[in-house]
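Have the structure open while you read.

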Amino acid sequence: MKRIITSILLSTMTVLTIQGQAHRLWYDKPASQWLEALPIGNSHLGAMVYGGTSTEEIQLNEETFWSGSPHNNNSPEAKAHLQEVRDSVFAGKEKAAHRIIDQFFFKGPHGMRFLPLGSLKLTFRNHGEVRDYHRSLDLSTAMATTQYRMGDVTYERTCFASQADNAIIVHLKANQTGALSFSIAFDSPLPDTCHVESHQLAALVQNVEQEGIPGGLQAECRVSITTDGEVTDGEQSMRVRNATSATLYITAATNFVNYHDISGNPTRKNIQVLASVTGKGLTRLVNDHLEKYQKQYNRVSLSLPQNGNEKLPTDQRLAAFDGSDLDMVSLMMQYGRYLLISSSQPGGQPANLQGVWNDKLNAPWDSKYTININTEMNYWPALVGNLAETQQPLFDMIRDLSETGAITAREMYGCDGWMAHHNTDLWRIAGPVDGTPWGMFPTGGAWLTTHIWQHYLYTGDTKFLADNFDIMKGAADFLIDYMRPYPASGEVKQAAGWLVTVPTVSPEHGPVGKETTVTAGSTMDNQIVFDVLTATIQAAEILGRVSGHCFDNPKGACNVQKLKGLCQQLPPMQIGRHGQLQEWLIDGDDPTDEHRHISHLYGLYPSAQISPFRHPDLFTAASNTLKQRGDMATGWSLGWKINFWARMLDGNHAFQIIKNMLHLLPAEDFETIKAHPDGRTYPNLFDAHPPFQIDGNFGCAAGICEMLLQSHDGAVHLLPALPDSWQEGEVRGLQARGAFTVDISWKEGRLQKAAITSRIGGTLRLRSYVPLSGEGLKEAAGDCPNPLLTPAAIKQPLQSKELKQFTLLPVPTVYEYDIETQPGQTIQVHIN
């Protein structure tokens, strides 16, 4: 088995691996269905490799192959009925408001869908008993390999999706001369036409109309081959005979240029790519691929103890997971990073609900961009996991939405600035979709802009901040125009005068007794508005974009003092009668409701508004809310809960959620859209909602990082939520706010040493549960002077008068130290 595992493409190829890590997914049989196949991707192209012996299927996606064509879904009737909706909400007639919204706000299409391209199918002439079968995905090389013996011949196939060359490469070889013979064909669930010429197969795939929007995109897939055998061209397939090795070059493209331009030429794009890759030679293709991929992947490593289960096939290893196989946790963290690298790269589209992988004509939820949690979660590992460049497609989409969303803001709500609701797609729709319970979420665009600010906090990149300031400001413009003072006649008397978003929802969830999700000033909205306004204020001050005129010039400065005053009018967070953090202005939470969305804890994570050190009452209320919601949920919700419990500084509870996620979903429930208490992960380690949603993988990866390093609360906190069972380990390369890179090692559950490298200089404040020593280290006093580490300054929370008993959680004892750093300097610290 060792010989099989370590078999490599070329004897001359050098593969770099991370010391202490050899993370692979591996199996002892071919995939029988899509959720057992192995994903590879370069952002532009995605592929699922089945590893068959008589027939190999490589299912393909191209990131811009979506249904529909340029359009918007704004309702021209919404604005005329907006005041009626607001009046109804403020009068406590939310159900009436719901009916009006349903009738007049949802007039356009509900978003287009991400389409499968098709499958490349290789049919082999060799027959006989298969022995020594092994297929694997090596995360350190991003290569999927299939190997088996048939008779006296060993066959091996290696597939990789090269970022460097924008193509998928498949290398096949046999260990006996002339033993490799197979045919190559393309098949698609959509109408397609194939032709073959000069040993190159071209398939043109047609699009589909959806909700009255014509399919404006065509996709072309091209496959070229080099081999030492004989190649025969058929009308729609190619045949290879008597070869010892062969290499396939796969590329695909559409006529998509951008969300409003579909004048591209996919044939020209593909021919250019194939001309480049076929002339390179396999050795160079492999090395260029590795150099590009490993530049990102190798930045971070996590070593946790093994227990021997890594020797099991991955599906069996997953089924056996009981928490003792800690290396499986490390594998899940790195698999999340691998998937993000493979599905989101500069120049491409953001990772959608399934990354860049989909085999269905009608993907669940269209595999769109769901921006009331799921798209945001996709990018949670990017910064802490040292993959900042993977965010560029997200930033590009936010810029697009700032254009389309400005039309939506004006036409639907009569507001300046820009906005988006809870979903968008390739065409950057910004209007509401699906219906009121889901779609009446006016802060999806605003939430996205917080990723811009977080990128700045992690990097200190003022040029990036300046380039994106108008987008942040535009989101703030909309919120200022959209919010209304809560009336004195409203149901919540203490809310009189508070500035609230109205109408809105707390995503997909409503309070007891209201029979609707429609509300004013949901807690999540209040927290998002706070983040957007305070980030805009700070960015304006950093960039010198301060003026005496408030938001009167879309490319100008803003009145910071007025904005600060508006922040003071936002609702404070409230602790309800059950000791919970209230989800709404009214105390309408049900402590027995285990709903998957815990949106009002946005302030705990990904935001930084709830701190044990400054607001132990909110910290305690957040804990109560989490306990009331329970430890089981849909897959993506478990990903969020890992991060929640990490921010609660409770590593044992965070690890319990990881254990809950790492259950093998029974095969009969692979496609079931329902909660399954015993299954959250598919055999190929894709996250199960179910069905498959990739956000859970990214949430899990981010949560594991968050257990080891936090930097949102005024300091760089080393090992903030280490579980008791993680007695020893080492993590290298994690990123902290302030532009610090952090390596940590620990033994017997205690930090032993850390190395922190400062990329831009400035004050480093360290926080630890154990006393530290190090040259230049001094005990910290007062607030951290580094603005990139400044904690959120929120209003004092309110407590319900009906709250009978409320015992604050103990605040952990910590040691804090400051040291002044220079760019490029590495600070070494160790336990006293």
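How many cavities of 30 Å³ or more does the structure hold? There are 8 of them, where a cavity is a set of points on a 1 Å grid over the protein atoms alone at which a 1.4 Å probe fits but cannot get out. Keep in mind that this is a predicted model: local features need pLDDT of at least 70, side-chain atom pairs count only at pLDDT 80 or more, and totals for chains, interfaces and linings use all residues. Residues are numbered from 1 along each chain as its sequence is written, and side-chain values use heavy atoms, with hydrogens and water left out.

**Pocket and cavity**

- The largest pocket holds about 750 Å³ of space; a pocket is an open set of points with protein on both sides within 12 Å along at least five of seven lines.
- Volumes here are the space filled by probe spheres set on the grid points, which are joined across faces, edges and corners.
- Look for Trp453, Gln454, Leu457, Asp531 and Ala608 nearest the centre of the largest pocket, whose lining has 38 residues (lining residues have an atom within 4 Å of a point).
- Helices H9 (380-384), H12 (444-459), H14 (523-543) and H19 (695-708) each give at least two residues to that lining; helices (H or I, at least four residues) and strands (E, at least two) are DSSP runs, numbered from the N terminus.
- The pocket lining splits into 22 nonpolar, 10 polar and 6 charged residues, with Ala, Val, Leu, Ile, Met, Phe, Trp, Tyr, Cys and Pro counted as nonpolar, Asp, Glu, Lys and Arg as charged, and the others, Gly among them, as polar.
- About 120 Å³ of space sits in the largest cavity.
- That cavity is lined by 13 residues, with Glu94, Tyr486, Thr519, Ala520 and Ile586 nearest its centre, and by class the lining has 9 nonpolar, 1 polar and 3 charged residues.

**Salt bridges**

- You'll find 32 salt bridges in the structure, each a side-chain nitrogen of Lys or Arg within 4 Å of a carboxyl oxygen of Asp or Glu.
- Lysine 514 and glutamate 491 pair up at 2.8 Å, N to O.
- Lysine 514 lies in the loop between strands S22 (504-505) and S23 (518-519), and glutamate 491 in the loop between strands S20 (484-485) and S21 (499-500), so this pair ties together parts 23 residues apart in sequence.
- Lysine 514 is buried at 15% relative accessible area, while glutamate 491 is partly exposed at 46% (buried is under 20%, exposed over 50%, partly exposed in between, with a 1.4 Å probe and protein chains only).
- Lysine 564 bridges to glutamate 541, with their closest N and O atoms 3.2 Å apart; the pair links helix H15 (residues 560-568) to helix H14 across 23 residues.
- Arginine 765 and glutamate 816 form a salt bridge at 3.9 Å between the closest N and O atoms, linking strand S30 (residues 762-768) with strand S34 (residues 815-821), 51 residues apart.
- Arginine 765 is buried at 3%, whereas glutamate 816 is partly exposed at 24%.
- Shared partners join Asp165, Lys280, Arg284 and Asp288 into one salt-bridge network.

**Serine 711**

- Serine 711 sits in the loop between strands S25 (709-710) and S26 (716-718), and is buried at 3% relative accessibility.
- The side chains of serine 711 and arginine 737 make a polar contact of 2.9 Å (a pair of N or O atoms within 3.5 Å; within protein, one must be able to donate a hydrogen and the other to accept it, and residues adjacent in sequence count only if both atoms are side-chain atoms).
- Leaving out residues up to four places away in sequence, serine 711 touches Tyr458, Val716, Ala736, Arg737 and Leu789, contact being heavy atoms within 4.5 Å.
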